[in-house]
Amino acid sequence: MQGLVDLLAGLPLAEWMRVSRWGYAGVNTLHVIGLSLLFGAIVPLDLRLLGLWQGRIPLAALARALVPVAATGLVLALVSGTLLFLSAPADYAAAPLFLAKIGLVLLGAGSALLAHRAAAKGAAGGDMADRLAQLSSARLRLAGALSLILWTAALVCGRMLAFTGD
């Protein structure tokens, strides 16, 4: 593991992330934008999965609008987060909060993929958003609660990491 950390720390891109004040600030800004898109799309979708606005806002329509926004935010956060990691790979790799954050991100993304897979296997007809809306309310509530917990915990770990230096 130390060999990989040393290799990453020696990359020209890692050096640029360490010495470029505006480069680091720009990448950090992109990370915040990615997180905003991800969390801003996930929260209303998860609240709808939990039953909020049921009967007033169709789940399929909401999912059709918000899932691509969340996916875009996740990709932007992952790419920018990788660049931020390069600024101090040894420090991040040794930080329990960072490892917890990465684990929570993997679990959050995995739970979203499982929900989509369940929708793909479950109902027939329509697009993914239509099939998602046809899952049982218990399954939807579980998916929404799990998602809210995982993504909120990942966000909290990331913010704590930024201010504790841990």
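## A nonpolar patch on the surface

Helix H3 gives the nonpolar patch its largest share, three residues. The patch brings together Leu 30, Ile 33, Leu 37 and Val 69, with about 280 Å² of accessible area between them. To join such a patch, a residue needs over 30% relative accessible area and no salt bridge; nonpolar side chains (Val, Leu, Ile, Met, Phe, Trp, Tyr) are linked within 5 Å, and like charges within 9 Å. Areas come from the Shrake-Rupley method with a 1.4 Å probe, and for residues only the protein chains shown count as cover.

Ile 33 sits in helix H3 and is partly exposed, at 40% relative accessible area. Here buried means under 20% relative accessible area, exposed over 50%, and partly exposed in between (1.4 Å probe, protein chains only).

## About the model

This is a predicted model: local features need pLDDT of at least 70, side-chain atom pairs count only at pLDDT 80 or more, and totals for chains, interfaces and linings use all residues. Residues are numbered from 1 along each chain as its sequence is written, and side-chain values use heavy atoms, with hydrogens and water left out.

## The overall layout

You'll find eight helices and zero strands here. Helices (H or I, at least four residues) and strands (E, at least two) are DSSP runs, numbered from the N terminus. Of the 166 residues, 35% count as buried. The protein exposes about 9300 Å², and carbon and sulfur atoms supply 72% of that.

Take the contacts (heavy atoms within 4.5 Å) with a separation of 6 or more: 71% of them involve residues 24 or more positions apart.

The largest nonpolar core has 23 residues, and Leu 38, Leu 45 and Trp 151 have the most contacts inside it. Helices H3 (21–49), H4 (59–86), H6 (96–122) and H8 (137–164) each put in at least two residues, with H4 giving the largest share, seven. Such a core is a set of buried Ala, Val, Leu, Ile, Met, Phe, Trp, Tyr and Cys residues joined through side-chain atoms within 4.5 Å. Another core, of six residues, lies apart from it; Met 17, Val 27, Leu 84 and Leu 86 are among its members.

Leaving out residues up to four places away in sequence, Trp 151 touches Leu 38, Phe 39, Ile 42, Leu 74, Val 105, Gly 108 and Ala 109.

Phe 39 lies in helix H3 and counts as partly exposed, at 23% relative accessibility. Beyond its neighbours within four places in sequence, Phe 39 contacts Pro 44, Trp 151, Thr 152 and Leu 155. Its C-alpha atom is 9.6 Å from that of Val 69, which is 30 residues away along the chain.

His 31 is in helix H3 too, but this one is buried, at 9% relative accessibility. Its side chain makes a polar contact of 3.0 Å with the side chain of Ser 80. That term covers a pair of N or O atoms within 3.5 Å; within protein, one must be able to donate a hydrogen and the other to accept it, and residues adjacent in sequence count only if both atoms are side-chain atoms. Not counting residues up to four places away, His 31 touches Ala 77, Ser 80, Gly 81, Leu 84 and Lys 101.

## One salt bridge

The structure holds one salt bridge, that is, a side-chain nitrogen of Lys or Arg within 4 Å of a carboxyl oxygen of Asp or Glu. Arg 18 and Glu 15 make it, at 3.1 Å from N to O. They are three residues apart in helix H2 (residues 12–19), so about one helical turn separates them. Arg 18 is partly exposed at 38%, and Glu 15 is partly exposed at 39%.
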